[in-house]
Amino acid sequence: DVEAVSAYDRALTLQRWLSLGSSVEVMMGRANALQRLMRYKEAKQQFSTCAKWSHKKGSDGDAIATTTTVAKAVCYSATCSMRLNRLDWAKEELLWYYNVARKDGGTIEDSEAVGMLGAVLWLDFVRSQQQKDDHDDDMHIPPEEALSMLHYASEHSNISLYRWIYHLVVGSTLKKNLPLPTAKTHKSTMTNKNEGNRILDLASANRSPFDDFNLIHLDDKVLLHRLVIINTKNGDSEEERLSTNLYWPKSFVLPQQADSLEKYISSLQEKDNLEKYWILKDRAGYGSYGNRLVTNQEALSYANNNNNNKNMNNKSDSESVLCQKLVDPPLLINGRKFSLRVYVVCIPVVDDAVTTIGETYNKFYISTDGLVKLALFPYDTSVNNELLDDMHMTNSGRGEMDQCDFRFLREEIRRMRYNYDDLWEEIRQVVTNVMKRYKSLS
């Protein structure tokens, strides 16, 4: 995505030779890459520009194509706004689209845009009521119409998100009982696919733009490191600090901590002269993209080059990377390195018996099944550098690699004569520690 942004930037230098539609297409690609990089403010601005330009193009023709582009760009812009905890920006974008669509008697036909606007307006109304403020006079839309928008989206959207939101709003706010949302009818009527379609329909709600904006502290690798380490230093018990040291590898944020990394590597080399490996992680990388395996010297060179080439006062924090020491020696399954993907569900709960009336707290649940992801090649310290990535990295995006469930893990752990229940208790404790820190952000 970093390379994609650069490529799109080069394409936009040719803008005066591009048609308006081609320019919008390039800008949409750039905005999508920025969004995946979690550079939400830049992405929001780019999506907003795309919406305005697409609307301009639509006035000259090609109305159907541009109406779809406008709706998509507005929804993405609103999503980025909510990732920044700016409901007001999201409302502004969606209301612009609402007013444009209604001009000359038109209507909004994009069910996702309708649902998102209805949800944003309802959230805004509820917040204003909770804060005892007068409702925003600029909204010009009564809460009943916001509810009507949610109902429209619940009937016409292909995903379950707005059916669930409508169900929750009507059930909890208006005290009406509705049947639980069900999956939309799919083209396939094969019986053996019905259950799978239902699960996929529910899973599609993960596209929600209404997630807690603090989730970026779990997605962004540098922010996650700071969340774990800073909270560990400030106020945790000795037991919690020791536990953190067991599950969080030695890490440095570069180039800001270049001097600390150099001192640490020097202390390692005084003890033994063996080469150690580190992994540099882009803060928004995924699927192993943005990960680089480096030696002690290469890690130092990277840190010093970036430290010297740019004035630290002008260094954007978004350009920081996380440098983590590889666990050595690693635990192996069938001679290969592996990682575990553990699924955690966070549910905000209102419980008047436990908290102040109206106050919410979080309940966390851990799935007892997950994924064991095995490296492509066996672990061998004598291999050449060309094979290092496939020997150390276990990301799903790396292609043809083995993934197994936790029943496989249980069997392997027992075969190695370890206690699986002890391992699971440690996993539970790690999740508890991290979620405790996450909760402290609220």
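In this predicted model, helix H7 (residues 143-156) has 14 residues that should span 20 Å at 1.5 Å a residue, and its end C-alpha atoms are 20 Å apart, which agrees. The expected span is 1.5 Å times one less than the number of residues. Helices (H or I, at least four residues) and strands (E, at least two) are DSSP runs numbered from the N terminus. Seen down the axis of H7, the buried residues fall within an arc of 155°, so they line one face of the helix; the arc is that of the directions from the helix axis to the C-beta atoms. Those buried residues are Pro143, Ala146, Leu147, Met149, Leu150, Ala153 and Ser154. Buried means under 20% relative accessible area, exposed over 50%, and partly exposed in between, with a 1.4 Å probe and protein chains only. An α-helix has 3.6 residues a turn, so residues three or four places apart point the same way.

Residues are numbered from 1 along each chain as its sequence is written. Local features need pLDDT of at least 70, side-chain atom pairs count only at pLDDT 80 or more, and totals for chains, interfaces and linings use all residues, while side-chain values use heavy atoms, with hydrogens and water left out.

The chain contains 17 helices and nine strands. Of its 442 residues, 38% count as buried. Among contacts with a separation of 6 or more, 64% are between residues 24 or more positions apart, where contact means heavy atoms within 4.5 Å.

Four strands form an open sheet in the order E1-E4-E2-E3, with antiparallel pairing. Two strands pair if DSSP finds at least two bridges between them. Strand E1 (251-254) and E3 stand at the edges with a single partner strand each, so one side of each is left without a neighbour in the sheet. From one strand to the next, the twist averages 25°. Within this sheet, E2 is joined to strand E4 (residues 321-325) by five antiparallel bridges, and Asp282 has Val321 in E4 as its bridge partner. E2 and E3 also pair in the antiparallel sense, over five bridges, with Arg292 in E3 as the partner of Leu280. Four of the five residues of E3 are buried. Helix H13 (residues 258-271) lies across E1, E2 and E4 and runs at about 145° to E1; axes are lines fitted to C-alpha atoms, for helices over the stretch in contact, and angles run from 0 to 180 degrees between N-to-C directions.

The loop between strand E2 (277-282) and strand E3 (291-295) holds Arg283. This residue counts as buried, at 10% relative accessibility. Leaving aside neighbours within four places in sequence, the contacts of Arg283 include Met38, Asp219, Asp220, Arg226, Asp317 and Ser320.

A further open sheet has three strands in the order E5-E8-E9, with antiparallel pairing. Its edge strands are E5 (338-341) and E9 (403-404), each pairing on one side only. E5 and strand E8 (residues 371-374) run antiparallel and are joined by four bridges; the bridge partner of Ser339 in E8 is Lys373. Across E5, E8 and E9 lies helix H16 (residues 406-415), which runs at about 70° to E8.
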